[in-house]
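Let's take a walk through a protein together, one stop at a time. Have a look at the picture, and then we will begin with a pair of facing residues.

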Amino acid sequence: MASLPRIRVLNSKLIWDAAPHNAFTDLIRWKDRWYCSFREGIAHASYDGKVRILRSEDGKTWESLVQFTEEGHDLRDPKLCVLPDGRLLVGMGDRTQDTKNPLNWRTVTRVSVTADGERWDKRIVGDPQVWMWRFVTHGDYVYSFGYCQRPKGLGGETFLVFYRSRDGLEWERIVQTEAGGGYVNEAAFAFQPDSRCVVLLRREGGQNRLGLSRPPYKDWTWQELNDRFNGPALIQFSDGRLLVGGRAKPIGAGSAKTALAWLSIDPPNLSPALTLPSQHETGYPGLHLFGKELWTSYYSSESGKCSIYIARLDVTYNAK
C-alpha cells in the first residue's frame, strides 16, 4: 500500500479578531481573490451572531467585504460555494430563540448569492427546522445536506435531507435519510470522478460516519469511522485522495485541536495527518487547494479569545 503524503505548516496567521467571539469559518478562491467567511458574536451560542466575509488579493492582507445581520437572530456557520454559473454563494444557519421556552430555538437556512461581490440576492431556502450546513457544486447542480435541528435539551433522533439546486436560490429535495440513526448533524461531502458522493458525517455521542451514494443519490450506505471531527471539512485531491479537517479531541489528549486526517473509503478509516497550531475552543476549518499548497481557515482561542486564522500547508508525496 502506498504511503500517505506528508503535510506540514508553512505559515499560520491571525487575520481577524474584532468581535468578542470569532468562529466557524470557510475559505474559497473566487475570481482570483481569497474569500473567508465566519461568524461574529458575543459568545459561542449567543443570539447576536453576524456573518462577515473578508477578501484578500494575496492571502496576507485582508479587508472586510460584507457583513450580514438580522436583528434578534443568530446567523452562524457560513459556508462558501461557487455555483455552476460562476456566481458566489454563502449559506448560513439562522437561529431565533423560542419566546415561550428560552432553551429552545427555531432554525431556517439563509443564502446570499452574488455575481460581483457587491450586490447580493438574499433568500430563505429549504425547510423550516432543517439547517442546510454545507454547499458543493457538481456538474449542473449545487448540492446541500441539511439536518433536522433539534431544540436544546431534546436530543434523540435526527435526520438528513439532501437537496439540489441549479441557481442556489430554488432548491428541491432529493431524499431524506436517517443516516444510520442517532443524533446526526454536520455533513461535509465531495463528489468523486464517477459522481459517487462521499460524506463525512458528525454524530453526537459517537464517532463520525462515512456515507456513500451514487446518482440519483436516493440510496445511501452508512458506516462507522474510527475517529471524530466536529465541524468537518472534506476535500478531494486530483489523485482521488480525500482529506478531512475539523475539531478533534483524541481520548486522553487534553485540549481540543484543529486537525487533518486522510480518509479511506475501503476500508473506512481516518489516518492522522497534521495538527494545526490551535488550542481550547477551535475548529471549523475551510479547505482549498491552490497550486501545490493547501490553504485552510480555522478559528482558535490560543491568542486569548476566539480569532480567525489562515494557514498555508505543503503537501509532499513520498518518492516511489
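Start by finding valine 161, which stands opposite glutamine 176 in strand 13. Keep in mind as you look that this is a predicted model. Strand 12 covers residues 160-165, and six bridges join strand 12 to strand 13, the two running antiparallel.

Now step back to the sheet around them. Strands of a sheet pair through backbone hydrogen bonds, and they can do so in parallel or antiparallel fashion. Here, four strands make an open sheet in the order 10-11-12-13, with antiparallel pairing. Strand 10 (130-138) and strand 13 (171-177) are at the edges with a single partner strand each, so one side of each has no neighbour in the sheet. From one strand to the next, the twist averages 25°.

Our next stop is asparagine 185, which you will find in strand 14, residues 184-191. Is asparagine 185 buried or exposed? Its relative accessible area is 6%, and buried means under 20%, so asparagine 185 counts as buried. Setting aside residues up to four places away in sequence, asparagine 185 touches Tyr147, Leu160, Leu201, Arg202 and Glu204.

Finally, visit glutamate 70, in the loop between strand 5 (62-68) and strand 6 (74-82). Glutamate 70 has 32% relative accessibility, so it counts as partly exposed. Beyond its neighbours within four places in sequence, glutamate 70 is in contact with Leu75 and Arg110. Look for aspartate 48 too: glutamate 70 and aspartate 48 are 22 residues apart in sequence, and their C-alpha atoms are 8.3 Å apart in space.

Key. Residues are numbered from 1 along each chain as its sequence is written. This is a predicted model: local features need pLDDT of at least 70, side-chain atom pairs count only at pLDDT 80 or more; totals for chains, interfaces and linings use all residues. Side-chain values use heavy atoms; hydrogens and water are left out. Two strands pair if DSSP finds at least two bridges between them. Axes are lines fitted to C-alpha atoms, for helices over the stretch in contact, and angles run from 0 to 180 degrees between N-to-C directions. Buried means under 20% relative accessible area, exposed over 50%, partly exposed in between (1.4 Å probe, protein chains only). Contact means heavy atoms within 4.5 Å.
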